[in-house]
Amino acid sequence: MLVKIYTDGSARGNPEGPGGYGTVLHYTDPAGKLHEREYSQGFLRTTNNRMELMAAIVGLEALNRPCEVELYSDSKYLTDAFNQHWIDTWIRKGWKRGKNEPVKNIDLWKRLLAAAKPHQIRFIWVKGHDGHALNERCDMLATSAADSGDLIADEGFS
């Protein structure tokens, strides 16, 4: 089963700082019916890269069986970490990058690797704010969460 996950970490919407993230899952069940699931969380006092990681984790952890996954993100950092094998290099170097600069958010990178492990996954970069409808929808979901402060799903993050 192919699952398409569209994610966005949004720093917009909350005038006092970074906002939240949004995740949309699209998949077709064996009977041919299209399903859509949405998740968002607001008021995360953190960096946009961390929110992008969280959005990807939430999407992958929502899957209850191994799937073929296409994960779309407007984070070049997130997609390049996997597509250009930066993450493999970080693991071999003991989570260091460049001139032994520590990799930030190791806890989330490890959680993302664990969430991705059972799946056949492709990380696909979608240029942000270019009119791509599902990327824009995730951005709106994330921004809405930041504006409202609503905890809609995934109470594990605080």
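Predicted model: local features only at pLDDT ≥ 70, side-chain atom pairs only at ≥ 80, totals over all residues.

## Before we start

A residue counts as buried when its relative accessible area is under 20%, as exposed when that area is over 50%, and as partly exposed in between.

## Stacked tyrosines

A pair of aromatic rings is described by the distance of the centres and the angle of the planes. There are 7 aromatic pairs in the structure. One of them joins Tyr-6 and Tyr-72: the ring centres are 4.6 Å apart and the planes meet at 10°, so this pair is stacked. The cut-off behind that label is an angle under 30 degrees.

Where do Tyr-6 and Tyr-72 lie? Tyr-6 belongs to strand 1 (residues 2-9) and Tyr-72 to strand 4 (residues 68-73), so their pairing ties together parts that are 66 residues apart in sequence. Tyr-6 is buried, with a relative accessible area of 7%, and Tyr-72 is buried too, at 13%.

## Tryptophans and a ring cluster

Now to another ring pair. The centres of the Trp-90 and Trp-109 rings are 5.2 Å apart with the planes at 70°, so here the arrangement is edge-to-face. This pair links distant parts of the chain, since Trp-90 is in helix 3 (residues 86-92) and Trp-109 is in helix 4 (residues 106-116), 19 residues apart. Both Trp-90 and Trp-109 are buried.

Trp-90 and Trp-109 also belong to a cluster linked by ring pairs, together with Tyr-77, Phe-82, Trp-86 and Phe-123.

## Lys-76 and its two partners

Lys-76 is worth a look from two sides. Its charged end sits over the ring of Trp-125, 4.7 Å from the ring centre. The side chain of Lys-76 also meets that of Asp-80 in a salt bridge, at 3.7 Å from N to O.

Lys-76 and Asp-80 share helix 2 (residues 76-83), where they are 4 residues apart, about one turn of the helix.

## Salt bridges across the chain

Side chains of opposite charge can pair when their charged atoms come close. The count of salt bridges comes to 8. Among them is the one between Arg-137 and Glu-36, at 3.0 Å from N to O. Arg-137 sits in helix 5 (residues 133-148) and Glu-36 in strand 3 (residues 34-41), so the bridge ties together parts that are 101 residues apart in sequence. Arg-137 is partly exposed, with a relative accessible area of 32%, and Glu-36 is partly exposed as well, at 38%.

Arg-122 and Glu-70 form a salt bridge too, their closest N and O atoms lying 2.6 Å apart. That bridge links distant parts of the chain: Arg-122 is in strand 7 (residues 120-125) and Glu-70 is in strand 4, 52 residues apart. Arg-122 counts as partly exposed at 33% relative accessibility, while Glu-70 counts as buried at 12%.

Key
Residues numbered from 1 in each chain as written. Heavy atoms only, no water. Phe/Tyr/Trp six-rings, centres within 6.5 Å; stacked < 30°, edge-to-face > 60°. Helix = DSSP H or I, 4+ residues; strand = E, 2+ residues; numbered from the N terminus. Buried < 20%, exposed > 50% of the residue type's maximum accessible area, 1.4 Å probe, protein only. Lys NZ or Arg CZ within 6 Å of the ring centre and 35° of its normal. Salt bridge = Lys/Arg side-chain N within 4 Å of Asp/Glu carboxyl O.
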